[in-house]
Amino acid sequence: MSAVPSHVTRSSLPAKDVLPFDERQPEAIRLYPLSNYTFGTKEAQPEEDPSVKDRLKRLEDYYGRYGMRRSGEGIANAFFKLPGDWLDYNVDEIQGFTERMNERLAAPPGTSLAYTSPQTWNVHSTLATWWRPNFDQFMYPFLPPHATRPKECKKLYLLQLPESRVLSVPKNMKLLAVPLFELYDNSPRYGPQISALPHYLSRFRWEFVDEEGKVVAWTPGGAVDEMVKTKILAGGEDVEVGANGSGEVKMEDAK
């Protein structure tokens, strides 16, 4: 079993096939090259709280008025972390999160990039849920049994980005693409939430697509199809090319 499809492998010694090993897993997620995405900047968005102490004080004030605070952050399928924020107390979870994402990353109106401004976000799934039991900095990926009234619930969402998109980042913020091996077991630098991302993402299978839209690598474990199908858009034949380059014609009714 190989991480490279047979139609792009360059090795003269093909990997041995094994039975599929992908039961009870979500469907594969496609990763597009970073060059497909356009990055711009927009006016700075100053932090609401100048210090951690002020942020926790605002959390305490919020809790007194509305109860537990909800917050969310996004992890894009291109493996970069997108800035999130608190959700307004009176909005739906996904609606509130996507509105925050647009505030952070949509191109401002009147710019040359505004016509491709992200308006919708495909929230694929929840990767993790973290809880803040008290008015302090500590959050946990579980709710301690003694904490019957948590002060904040924070979710990490996996966002399925389209094949291309424009992202406009505030000038006082940075959008970083960090490889998983850099995050793994690196809590001293990135903290427990971000360093745990490789664990969360390991349950998915990934397909890596090149700039021409072809799958050039994948996570091993799925069913191996040795036949690479070429779709004929006119007529009723689909041509499948085997790993050795031989052709096989599969007849199908034209629709």
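Buried means under 20% relative accessible area, exposed means over 50%, and partly exposed lies in between (1.4 Å probe, protein chains only). Keep that scale in mind for this tour.

The model is predicted, so local features need pLDDT of at least 70 and side-chain atom pairs count only at pLDDT 80 or more, while totals for chains, interfaces and linings use all residues. Residues are numbered from 1 along each chain as its sequence is written, and side-chain values use heavy atoms, with hydrogens and water left out.

**Stop 1: the sheet**

Select the open sheet of four strands, ordered β4-β3-β6-β5 with mixed pairing. Strands (E, at least two residues) and helices (H or I, at least four) are DSSP runs, numbered from the N terminus. Two strands pair if DSSP finds at least two bridges between them. Colour the edge strands, β4 (81-86) and β5 (123-132); each pairs on one side only. On average, neighbouring strands here are turned by 20 degrees against each other, direction ignored.

Next, select β3 (residues 69-76). Four bridges join β3 to β4, and the two run antiparallel. Find I75: K81 in β4 stands opposite.

**Stop 2: the helix on the sheet**

Show helix α1 (residues 52-66). This helix packs on the sheet and touches β3, β4, β5 and β6 (152-159). Contact means heavy atoms within 4.5 Å. The direction of α1 makes about 50 degrees with that of β4. Axes are lines fitted to C-alpha atoms, for helices over the stretch in contact, and angles run from 0 to 180 degrees between N-to-C directions.

**Stop 3: salt bridges**

A salt bridge is a side-chain nitrogen of Lys or Arg within 4 Å of a carboxyl oxygen of Asp or Glu. The whole structure has 15.

Zoom in on E152. It forms a salt bridge with R69, the closest N and O atoms being 2.5 Å apart. E152 sits in strand β6 and R69 in strand β3, 83 residues apart. Both E152 and R69 are buried.

R132 is buried, as is E152.

Move to K155 and E93. Their salt bridge spans 3.1 Å, N to O. It links K155 in β6 with E93 in helix α2 (residues 93-105), 62 residues apart. K155 is partly exposed, with a relative accessible area of 22%. E93 is partly exposed as well, at 27%.

**Last stop: a network**

Select D85, D88, R100, E103 and R104. Salt bridges link these residues in a network.
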